[in-house]
Each structure stands twice: as C-alpha cells, then as structure tokens.
Amino acid sequence: MEVERTPATKESKYEVSFTKKHIVKALNISSLPKSSILTLSNLDLLSGRFPVTYFYFYQNSLGNNTFSINKLKSSLAITLEHYYPFAGRIVQNPFTSEPQIICDNSGALIVEAEANIPLKMLDFYNLNESLEGKLVSIVPDFPLQIQVTHYTCGGISITFTFDHALGDASAFGKFLLSWSQIAQNKPMPCTPNHKRNLFARNPPTYHPSLDQKFVKCTMEEITNIPTPKVLLKRLYYIHVSSIDWLQSLASKGSKKQYTKIEAFSAYVWKIMVKAIDKSHVMCKMGWLVDGRERMCVGGENNSMSNYIGNVLSVGFGEARVDELRHGSIPTISGKVHEAISKVTNEAHFRDLIDWIESHRPGLMLSRDILGQGGPAIVLSSGRRFPVAELDFGFGSPILGTVCSTVEKIGVAYMNQRPSATGDGSWTVSAILWPEFASVLESDPIFQPMTSRLLHLF
C-alpha cells in the first residue's frame, strides 16, 4: 500500500516522511480459536488503555545480515498465529461498555518511513522532539502497530506500539522475543497463554483501603487527566558504577541488602522534593508490580509465567517532604522496601481483582495516576525485558527502551531498562514536569542520552 510521500526540504531540519503501509495478518487462520471474542480480565480493566511504545535502534547492517521488510512481515505473520489477539480489534462491549478484543485477524499495521538525517544526529534525550509524530504515529484501528524508519546512514529504528488492553510489559516482552526468535528461524521461547482466567472470588472480598487507592473512571476521564504543566519526555543513561554505588550506599550500616531498584528509588524520591512546590507537605512514590509470581495457580511456581494480559498493580509510599529532604539514602530505602512489600503478595492481587469485580462494569485506575493524590512519581522496572536479544536477523540493537505517547498523566513516571551493551548499565525513560527535568539535568548520575554514549561517533 503506497502512501503519499512528503520529502524533507532542509537537510539541517529533522523530518520523517512516511512511504508505505502494510497490514500483516496471521499466516495460518485455521490454527486460530473458534471463539472470536476475548473478554478482558479484571486486571486488564486497570490498564488505563494507555498506549505503550518500545523503540529500538539498529546500526547499518553489514554482510549478509541486511534488513529485509519482507522478512520482518513474514516472521510477524507467523508470530501472530501464536499471539492472535494482537491481530484483532478492540471494541466496546455494547452491554457493559467495557473494551473487548475481537480476534478476527484484522491484522497489525507496519508503517515504513525515511528520516532525512543519519542516526547519530538524532536527539536521543528529548523524546518529545524525536518520537511523537515522527517515529511514533498512532492509528487507533490497530492495537499493534510498528514503524520502521530508515536513516541516511543505513541505520534503522523500529517502534512497536501496543494498546495496553493487549497486555503489560511481561506480555509484550514475550511477544517481541518470540517474533525475533521466529525471524532467526529459532524455536519459540514460550507457549503463550491467552485464557485471561483471573477470576474474582465468590463473593468478592477486599480490604477497605483499596477504596482510597483506586477509583472507577471513564476513558474520557483518563484522556483528560488534569495536567497543569507541559510534560517533558526524556531519556537518560545511568552507568553501572553509579548503580552499584547507590546500592552500596543504601545498604551501608543496614542489616538488609537493598536491591538496586530500591536504592535507585530512594535516590530519585530524595531528588524529587527539590522540584516540588513549597506548599506541599507530603509527596508519594509508586512502583508497578507484576503479579505473575504471586498469583501461581495450583501451587505451580511457573503456572502464570506465559500469561498474556495484564497482571499489574501499583503500590505507593508516602512521606513528608522534609523527611525526604533531610533523610539518608538508607532510611529512605527502608521506606521504599516497606511500600513495595505491601503489594508483592498474592493477598493484595486477590483483593484487587475482587475490588474491580465489585465496581464493574467500567475502567479502573489508581487515584494517584489520575492526579488525585498530590505530587508523585511512579517507577517501573524492566530488568527482565529483552533488549540486546531483539535481533530480527540483522543484528542486535544499540538501544532499546520504552516511552508513551500520552500527553496527560497525573504523576511523573520513570521506566528502567538494561543497556543494550549488557554491561549492567541502564537506560531510564522519563515523563517529568519541567522543574523535575531541570533538577535531573544538574545531577551527576542522570546522564542525558547522546549519540556518543551509544558509540555512534
């Protein structure tokens, strides 16, 4: 399918022209299930339907491992046989108004584009400038859409955008890894489970504190979250030596060895108070938690490891601003550990499923993410998400991370990913209010991502 082409007019100005569109469907429809409607689970209704975009950059391929759009399309068609909901449509149930997935093999969308600059000239730090409308273009009809962008140097970027109703980071990571394995003619790393069988208890029972933490809402309320300031989207590099130093600092003088994420969280929480208006006495930090390891069925430890859908909750800690400003990293790490521990258990997830059941039909969301809880930041850890492993037959990426096209959200947000180098360093994508971004610009640990850090110069 050809697309009208708008060539760049100035070499010095970064522009992207869209050249082709392809709709890719599952190859063998006879293998698809007879039931065409996939009803979302209770935890799927907590996703907010936020679009999630993963973007990967690849240098110019040499030798026989050159990029092929046909190979990418054919391997995707095979992958969609196993992940058939990703080729469906998400529509509103006429009786409940809740979203549901019609598994009719409508297909996934691949867009091809050309940038008028070499990869090394891309601004990897300012994601507002680099991504939206250029490397990410959302077409609502497709829950899964991919954009392949070619650069003048021969390098490419691939952005993968998913509707959150399809799943969470664990589900998307398995999909992308399966696709890359198929592209390399390797066996599937797992057999995906599409049952969405996280059912409420009868009768539903939950701790009353959930009424203060979550709220029923509409899609209109989610897309119009009050956001008084323009949100800045940034990408940072954090060297492994800084991560190790923070963990050592957090555990100094403590009987407990805090994790890298707990130590990093404490550092970020302490920094955040410098960017908060003086009128605020309290502030919060939250963490997205995957419930798969906590929701084992029938006593089997890995029974949910291949579950495709959403199994996420969010836990928040709250502290006084002056406590964080004057507190030590070990003390704040203790607060972080305590807050995360409250949601990393089966009882919390069972209660949350029952709470949602008691408030259906409709969508649900954390009050804080809706902007109803004062200044807060949410951190998501992607330490298990595939980065260097995403080789589609033309080499491993030099960078792989995540961002979102959302323009309104009630909290600041950070997402951690391992560096593609595999040396233990991190990339951290962030959505921040301007004062927060300004504070991080002067911080020695948060290095703005650049072409030099990616060894493109």
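Q: Okay, which residues line the second largest cavity?
A: This is a predicted model, so keep that in mind. In it, the second largest cavity is lined by T53, L131, E132, V136, K233, C403, S404 and T405.

Q: What volume does the second largest cavity have?
A: About 30 Å³.

Q: How many cavities of 30 Å³ or more are there?
A: The count comes to two. The largest cavity holds about 50 Å³ of space.

Q: Which residues line the largest cavity, then?
A: Its lining is made of L109, V111, L135, V136, S137, Q145, I146, Q147, T159 and T161. The elements giving two or more residues to that lining are β6 (108-115), β7 (144-150) and β8 (156-163).

Q: Which element gives the largest share?
A: That's β7, with three residues.

Q: How does the lining of the largest cavity split by class?
A: Five nonpolar, five polar and no charged residues.

Q: Switching topic: how many aromatic pairs are there?
A: There are 27 aromatic pairs. One of them is F55 with F57, which sit edge-to-face, 5.8 Å centre to centre and with 85° between the planes.

Q: Are F55 and F57 buried or exposed?
A: Both F55 and F57 are buried.

Q: What does the pair tie together?
A: Y125 is in the loop between β6 and α2 (127-130), while Y236 is in strand β10 (residues 232-238), so the pair ties together parts that are 111 residues apart in sequence.

Q: Why is Y125 called buried?
A: Because its relative accessible area is 13%, and the cut-off for buried is under 20%. Y236 counts as buried as well, because its relative accessible area is 0%.

Q: Last one: which residue lies over the face of F385?
A: R417 does, at 4.3 Å from the ring centre. There's also R452, which lies over the face of F457 at 4.8 Å from the ring centre.

Methods. Residues numbered from 1 in each chain as written. Predicted model: local features only at pLDDT ≥ 70, side-chain atom pairs only at ≥ 80, totals over all residues. Heavy atoms only, no water. 1 Å grid on protein atoms, 1.4 Å probe; cavity = no way out; pocket = protein on both sides within 12 Å on 5 of 7 lines; lining within 4 Å. Points joined across faces, edges and corners; volume = space filled by probe spheres on them. Helix = DSSP H or I, 4+ residues; strand = E, 2+ residues; numbered from the N terminus. Nonpolar A, V, L, I, M, F, W, Y, C, P; charged D, E, K, R; others polar. Phe/Tyr/Trp six-rings, centres within 6.5 Å; stacked < 30°, edge-to-face > 60°. Buried < 20%, exposed > 50% of the residue type's maximum accessible area, 1.4 Å probe, protein only. Lys NZ or Arg CZ within 6 Å of the ring centre and 35° of its normal.
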